Amino acid sequence: MQQLAVEREYPEHSRKFRKKAALLSALAMGLGQIYNKQYTKGILLLAFYAYGIFTAITSLPHALWALATLGETETHLKKVGRLYKQVMGDHSIFLMIEGLITVFIMLVLIWMYIASIKDAYRTGKLREEGIQPNTFKQTLSFVAAYRFPHIVLAIPLLGVVFFTVMPIIFMILVAFTDFTRDTMPPAHLINWEGLQAFKELLRNSSWSHTFYSVTIWTFVWAFFATVTGYFGGFAAALLVQQKGIRFRAFWRTAFILPFAIPMFVSTLILRNIFNGQFGPVNQYLGMLGISKAPWLSDPLWAKITLILANFWLTFPVSMLMIIGILSTIPKDMYEAADIDGASGFQKTRLITFPMVMFSMAPLIIMQFVGNINNFNIVYLLTNGKPLNGDFQFAGHTDILITWLFKLSMEQGKYNYASVIGIFIFIVLSAFAIWNVRRTKAFKEEEAS
């Protein structure tokens, strides 16, 4: 095996195929393949090369101009005879999107160009070794036999690039413009403003107070929403799995009902249940002689209500997952603990909880990340209310994602919303990367 890994040495005069093939592919994508007698592959690559040249000549200059200027002609009225006629100007958003698409296409073509040079070089090297290059049919057979997973994965990867990466880049670019409802195209042109929106949001006292307060509440909310949902599910799973418990299937089914009902339906029902004036909870409290609680009208009570509602909707999922993990724990561990005289609490603390956490840690982190971005329950239950007069277009219970929604959809502050979107993206990405690299479950998988 070691001998196979050693690269063979060739005399300088015998390296003519690889060099010439690579040089020809560098001159024009596909020529190296044609030189290596792979005619069909070479013609296909030449077609892509021609398309790339055509795009570079006809579309790329306009795309770069569009990204640099975002348009130069504003929509205006032009006098034609005795009448004024509206002349449409440049649409900055369309220009930005078209420019991004063209640049992405060019990047893909450049990647193909580099790959074709490497392919021509490798094939030329095989020819020097006396190996006949594969025909197009043999190449297709090889791809179908050994590269099929790569081909299948490449299709969604292309979708990720154009439908996920490109919108993120578009969102990032909007943060550096003055794109608001007042500058809405095509009536107005959008201009690049650099870091102005970042400075306003982070340093302007009125905006920064809202930003930091909403950010702190977002993390507090995500922490309590995750912890209550997880430990609620853990407790329910332990109780349901207890030895000797009767009607176990009934308990499991009853506890899973909150998850079986669509979340937005449950949330709207809870919104009515916790209504401070007409809700049944306060009605029952009144019958018991207990004063009514301002569930949704007081800032602190509204936050507590949010966490309670989220707990009710999420603990069944944790319960189901933990029940599955509990069934995988070897029984002899508990038997050994019984022989050593361990109590039930000690067995839970030293055996059950670590085993469950080992499998659940990545999911808990992702639940925390999901709760940072949990738009539905906050928007449907409280809509960010009660209102806060010191905040800019945000209420006491708004988290970053609901504030972003209000800024973009209700107030038209698209550049500020993009800055918040970038912040959320950075936070979520950091947690996702940390989750993959640090949690023991993924390390165990890599080690195996």
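The model is predicted, so local features need pLDDT of at least 70 and side-chain atom pairs count only at pLDDT 80 or more, while totals for chains, interfaces and linings use all residues. Residues are numbered from 1 along each chain as its sequence is written, and side-chain values use heavy atoms, with hydrogens and water left out.

The protein chain has an average pLDDT (the predictor's confidence in each residue, from 0 to 100) of 87, and 94% of the residues score at least 70. Over residues 1-7 pLDDT stays under 50, and the model has 1 contact (heavy atoms within 4.5 Å) beyond four places in sequence for them.

The axes of α7 and α8 (lines fitted to C-alpha atoms, for helices over the stretch in contact, with angles from 0 to 180 degrees between N-to-C directions) come within 5 Å and cross at roughly 80 degrees. The two helices, α7 and α8, are therefore roughly perpendicular to each other. Val143, Ala144 and Tyr146 of α7 meet Phe148, Pro149, His150 and Ile151 of α8. Helices here are DSSP runs (H or I, at least four residues), numbered from the N terminus.

Helices α9 (residues 196-203) and α10 (residues 205-240) have axes that come within 5 Å and cross at roughly 75 degrees; α9 and α10 are therefore roughly perpendicular to each other. On the α9 side the contact involves Glu200, Leu201, Leu202 and Arg203, and on the α10 side Ser205, Trp207, Ser208, Phe211 and Tyr212.

Pockets were located on a 1 Å grid over the protein atoms alone, a pocket being an open set of points where a 1.4 Å probe fits, with protein on both sides within 12 Å along at least five of seven lines; lining residues have an atom within 4 Å of a point. The largest pocket holds about 1700 Å³ of space, a volume being the space filled by probe spheres set on the points, which are joined across faces, edges and corners. Its lining has 36 residues, with Trp111, Ala115, Asp119, Val143 and Ile151 nearest the centre. Two or more lining residues of the largest pocket come from each of α4 (39-58), α6 (92-128), α7 (136-146) and α8 (148-174), and α6 gives the most, with 14 residues.

The second largest pocket has a volume of about 570 Å³. Gln241, Gln242, Lys243, Lys331 and Tyr334 are the closest to its centre among 15 lining residues.

Methods:
Parallel < 35°, antiparallel > 145°, perpendicular 65-115°, else oblique.
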